[in-house]
Amino acid sequence: MKSYLGIDIGAGSIKASLVDTGGNILKQTSRNTGVETTEKEFLDSLVNIVSELEDSSLVAVGIGSPGPIDTENGILIESANLPLLKDVALVAHLKKNFKLPVYYNNDANLAALGEFRFGLGKGSGNLMILTLGTGLGGGWVYQGKLFNGYRGSGMEAGHVTYLPGGSLCGCGQRGCTEAYFSASGFLNRYRETSGAQLSGAEEFFEKVRTADRIATTLLNEGIDALSQLCRTLIHTVNPEKIVFTGGLVKSWDLYGDVLKEKIHGLVFPIFRTYTQILPGGNVAGALGAAALCMENHE
């Protein structure tokens, strides 16, 4: 039996799963991360994870992280949510420690691969993924192949401009869609508007459920921004499916129907008849990272 280790690097944690060729999870583990995580702590966590989950069946390691990254050279260039990490050669570090093939790509790209292999996008000829979490990412699988861009930083959909000169995004620019529809965007804008610091996205959406005026207004603005992004993607690459993944999909009941209605009102009528807009989120990011290994070992 062959197994693959998928590692998903996030703003608050590194999650890892050892999976078999069918995508069944054999073992799991995680390590905490945060804005104060240093390069040494980060690399040590990766080594500890592989050491914990490695067994004789393991044939490759796959890693996903937010961009920008350099897939060709295996480097995490920087991360808005892990600000102390700059030009980290994580692939070389793991290869030196374990003598295993290591593959690396953008986390949203790997979410797309995971959905294509194991989720709602299975078998789709033209699949677009938007990840709704701490940030907002995008991934595109066309005719069975993942679109990477030049060095793996293609489809940074969250940084398509919604409002020039608008709210500050974690990337340093203003007006990105991510600044309007993401956990970080909602929390930052709620703090700027009300002066109150919320504990997280769950508290933000709970305020929406209790009809908090500021939270409701910010969510509606976020829906407008996200619908404009989807319009751009639909008119540009003509996907069969747009599948939303990530933690914010848990609150889909608060915005999903309105989002679909707004998208349908913005696109050409023909697209309304066949473009599927779906909430996903059941395929873990680590499973997408394992799918990257499978892509390279079949």
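Predicted model: local features only at pLDDT ≥ 70, side-chain atom pairs only at ≥ 80, totals over all residues.

Analyst: Happy to start with arginine 189: its relative accessible area is 12%, so arginine 189 is buried, as that value falls under the 20% cut-off. The side chain of arginine 189 meets that of glutamate 221 in a salt bridge, with 2.8 Å from N to O. Arginine 189 belongs to helix H4 (residues 183-194) and glutamate 221 to helix H6 (residues 213-237), so this pair ties together parts that are 32 residues apart in sequence.

Another one sits within a single helix: lysine 40 and aspartate 44 are both in helix H1 (residues 39-53), four residues apart, which is about one turn of the helix. Their side chains meet with 2.8 Å from N to O. Lysine 40 has 60% relative accessibility and therefore counts as exposed, while aspartate 44, at 32%, counts as partly exposed.

A further salt bridge joins the side chains of lysine 86 and glutamate 78, with 3.3 Å from N to O. Here lysine 86 counts as partly exposed at 45% relative accessibility, and glutamate 78 is partly exposed too, with a relative accessible area of 34%.

Conventions. Residues numbered from 1 in each chain as written. Heavy atoms only, no water. Salt bridge = Lys/Arg side-chain N within 4 Å of Asp/Glu carboxyl O. Helix = DSSP H or I, 4+ residues; strand = E, 2+ residues; numbered from the N terminus. Buried < 20%, exposed > 50% of the residue type's maximum accessible area, 1.4 Å probe, protein only.
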